[in-house]
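Please have the sequence and the coordinates open while reading.

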Amino acid sequence: MDPEQARRTLETERERGLRAIAEAASLEELERARVAFLGRRSPWSEVQRSLGSLSPEARRELGRLANEVKAALDDALAARRAELEARAEDELLRSDRVDVTLPGRRPRPGSFHPLTIVQEEIVAIFTRMGYRVAEGPEIEDDWHNFEALNIPPDHPARTMKDSLYIDVPGLLLRTETSAVQIRTMEQQGPPVYVVAPGRVYRREAVDATHGSVFHQVEGLAVDEGISFSDLKGTLEAFARALFGPERRVRLNPDYFPFVEPGAQVAVSCFLCDGVGCRVCGNGWIELLGAGMVHPKVLENCGYDAERYTGFAFGMGVERVAMVRYGVNDLRLFYDGDVRFLERFEGAA
Ligand code: PHE
């Protein structure tokens, strides 16, 4: 290659190379330009290789020019690479953009069912007094549900009309949590202080105040020297914890086969304080059944009825929840309507 031709080649290559680099639209195109203009097979490399055959003077001059051209192309390559890289990053950022000003999607947290809230509150009042939680099966046998509770064979509760029997003879869906009294005393000796929350079943037409499935909390205390005044004091403490410190408790005689004496317990209304209003009617809210554990029940469980006495009580959770939340139809608790259930968010 003669020096003049080499010089022209270098000049042309510089010009074409700079243009190609400027026009490269992607990093791939840029790399192709680098190979084309500075790679081993590029005209620039060819000139470089031919320098050895030139005169020292021409070699020096063309060597300098070749270096100049390479430096110019290298600079242009680096600058264009930086540009293309920045652009690629911009594009990535744009396509990945998150609009942080959009309102967030609020998760809708679940909440406890009002019956759960009330049941736990009732149970907690008693566990704070030292009671323990006891449980029993929802499918009960005749002994625990009736016989041991001193419910005689001809008692109306035993008929198909009032109880829900299952196909296995002698088994039924428990009609009251009082069955857990028996199970507890069979399992342990005195003293006993338990509360038993749970579901119970009755063959009853469903309406605003009745259901065939509902919940009760049972209480049982058996010890030496327990008297009726202990029962009353306990229920008073309970009523005040649940409905406020001003509450009074009223006991009227009532009959349950497994207690003697037995009482129907009412609490002075927390809204009108006993005057009478739309929640209570006559100033009193009937809340539970209670009484002194019948000696026969103690004996049925192997307890010495001469030495030990006790009291028992039982209340409906739905009833407490209706009064507490001013709900006038029990069925609302079971419909699963979110608009109803939402009102109890955060109530626990
Ligand atoms: N088990 C009774 C009912 O379901 C309530 C009760 C419990 C009464 C304990 C007295 C003692 O109505």
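In which strand is proline 261 found? Proline 261 is found in strand E7, residues 259-268, where strands (E, at least two residues) and helices (H or I, at least four) are DSSP runs numbered from the N terminus. This is a predicted model, in which local features need pLDDT of at least 70 and side-chain atom pairs count only at pLDDT 80 or more, while totals for chains, interfaces and linings use all residues. Residues are numbered from 1 along each chain as its sequence is written, and side-chain values use heavy atoms, with hydrogens and water left out.

**Domains**

- Domain 1 covers 3-95 and domain 2 covers 114-344; the bounds come from an automatic or database domain assignment.
- The C-alpha centres of domain 1 and domain 2 are 94 Å apart.

**Helix packing**

- Two packed helices are described by the angle between their axes and the distance between the axes.
- Axes are lines fitted to C-alpha atoms, for helices over the stretch in contact, and angles run from 0 to 180 degrees between N-to-C directions.
- Helix H1 (residues 3-23) and helix H4 (residues 56-95) have axes that come within 10 Å and cross at roughly 5°.
- H1 and H4 are therefore roughly parallel to each other (angles under 35 degrees count as roughly parallel, over 145 as roughly antiparallel, 65 to 115 as roughly perpendicular and the rest as oblique).
- Residues in this contact (heavy atoms within 4.5 Å) include Leu10, Leu18 and Ile21 of H1 and Leu62, Leu65 and Val69 of H4.
- By class, the contact of H1 with H4 has 15 nonpolar, one polar and six charged residues; Ala, Val, Leu, Ile, Met, Phe, Trp, Tyr, Cys and Pro count as nonpolar, Asp, Glu, Lys and Arg as charged, and the others, Gly among them, as polar.
- The axes of helix H2 (residues 27-38) and H4 also come within 10 Å, crossing at roughly 175°.
- H2 and H4 are therefore roughly antiparallel to each other.
- Among the residues that meet are Leu30, Arg34 and Phe37 in H2 and Leu73, Asp74 and Leu77 in H4.
- The contact of H2 with H4 divides into seven nonpolar, no polar and seven charged residues.

**Ligand surroundings**

- Of the 14 residues around the ligand, those that come nearest are Glu176, Ser178, Arg202, Gln216 and Gly314; a residue is near if one of its heavy atoms lies within 4 Å.
- Serine 178 has a polar side-chain atom 3.0 Å from a nitrogen atom of the ligand, within the polar-contact limit of 3.5 Å for a pair of N or O atoms.
- A polar side-chain atom of arginine 202 is 3.0 Å from an oxygen atom of the ligand.
- In the side chain of glutamine 216, an N or O atom lies 2.8 Å from an oxygen atom of the ligand.

**Backbone geometry**

- Proline 190 and proline 191 are joined by a cis peptide bond, with omega about 0°.
- Proline 191 sits in the loop between helix H7 (179-187) and strand E4 (192-201).
- Glutamate 260 and proline 261 are joined by a cis peptide bond, with omega about -5°.
- Asparagine 150 is not a glycine, although its phi is positive at about 65°.
- Asparagine 150 lies in the loop between helix H6 (142-145) and strand E3 (171-173).

Key
A polar contact is a pair of N or O atoms within 3.5 Å; within protein, one must be able to donate a hydrogen and the other to accept it, and residues adjacent in sequence count only if both atoms are side-chain atoms.
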